[in-house]
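Reader: I would like to go through this model with you, one careful question at a time. Please state the cut-offs as you use them.

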Amino acid sequence: MDGKRVAMLALSMSAAAIPVMGYALSIPLRICYEKVTFKNLPSYLRGLKILHIADLHGRSPHKMNFNIWPAINQLNVDMAVLTGDVVLDKANQIYPHLEGLKALCKKVPVFYVDGNHENECYNEMADLLSGIGVTVLYNRQGDFAVGSVESGASKVVSVTGFRDYEYLSRNKFKGVSPLLDNMSAKGGFHVVLTHQPQIFDWLCKTNASSINSNFSALVLAGHTHGGQIRLPFFPTLYAPGQGVLPKYGDGWYEESDGQLKLFISRGVGATHFWLRTFNPSEVAVIELQKD
């Protein structure tokens, strides 16, 4: 075989190996440990740890690559949040995960907001999750005690949850302004849950027009999967609802004055197109610190 053919064969084998390698590297669950600082964080919230689970896309057990719950339920956290797309398209796809979620609810308070894949079954999801102890936040805001259930130690945190962006858009964003106005008027620190990250733009506009300089928020979102199909060393290439090279891909974003900070998880699962490359499934443990 001449040199040219050898080179072409090697190139072809390399091209075939890259996606296989990318897929292999994306199978293990990655737990990301993040720290974020806020100037006006109440001292009693310093060190608070939030477990962020996004885009589980639960489905039948034979289509699940791994069981995430043994690893998750060993984590030392004060609260957990599910930022939408817990299922792929039917509420009963949560069943394989119910025992893991029940165990998590016995340890810490768990909060949930819906995603676009739950637009057709959001009431069923609310019933199922609230039935095992999850707090469902559909355009809802409140002060909640968080912390280890076993120790009984608790801290009060303002948590706000928004309906999925597609639902809000179809309903002309009804219910959004009152929640934003309440956070602004109340001031202080808030944890905000949303599935699609575009709600961050609304929060930035609210903060810019607010006369309350003490208003700050940690916004937690998913939806983008970090692009799901990635190339090494490249940012998110595509996100549904935002298109190519999206404004919000994955990781950290913040408003210019640092009052609002957004973290977008790459998520655990995948949609009907199940492949993830160079993009490990991830959950995040986010620790709050005072600047």
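Author: Strand 14 (residues 282-290) is largely enclosed by the rest of the structure, because seven of its nine residues are buried, where buried means under 20% relative accessible area, exposed over 50% and partly exposed in between, with a 1.4 Å probe and protein chains only. Strands (E, at least two residues) and helices (H or I, at least four) are DSSP runs numbered from the N terminus. This is a predicted model, in which local features need pLDDT of at least 70 and side-chain atom pairs count only at pLDDT 80 or more, while totals for chains, interfaces and linings use all residues. Residues are numbered from 1 along each chain as its sequence is written, and side-chain values use heavy atoms, with hydrogens and water left out.

Reader: Which residue of strand 14 is the bridge partner of His52?

Author: Two strands pair if DSSP finds at least two bridges between them. Strand 2 (residues 49-53) pairs with strand 14 in the antiparallel sense over four bridges, whereas strand 1 (residues 30-38) runs parallel to strand 14 and is joined to it by nine bridges. Cys32 stands opposite Ala284 in strand 14, and the bridge partner of His52 in that strand is likewise Ala284.

Reader: Why do the buried residues of helix 4 lie on the same side?

Author: In helix 4 (residues 122-131), the buried residues are Met125, Ala126 and Leu129. They lie on the same side of helix 4 because the arc they cover around the axis, taken from the directions from the helix axis to the C-beta atoms, is only 100 degrees.

Reader: Which exposed residues does the face of helix 4 turned away from its buried side carry?

Author: The cover over the buried residues of helix 4 includes helix 3 (98-107), strand 4 (110-113) and strand 5 (135-136), with contact meaning heavy atoms within 4.5 Å. On the face turned away from that buried side, the exposed residues are Asp127 and Gly131.

Reader: How many of the residues that line the second largest pocket are polar?

Author: A pocket is an open set of points on a 1 Å grid over the protein atoms alone, with protein on both sides within 12 Å along at least five of seven lines, and its lining residues have an atom within 4 Å of a point. The second largest pocket is lined by 14 residues, and Thr224, His225, Gln228, Pro240 and Thr271 lie nearest its centre. With Asp, Glu, Lys and Arg counted as charged, Ala, Val, Leu, Ile, Met, Phe, Trp, Tyr, Cys and Pro as nonpolar, and the others, Gly among them, as polar, the lining has two charged, three nonpolar and, as the number asked for, nine polar residues.

How values were computed
1 Å grid on protein atoms, 1.4 Å probe; cavity = no way out; pocket = protein on both sides within 12 Å on 5 of 7 lines; lining within 4 Å.
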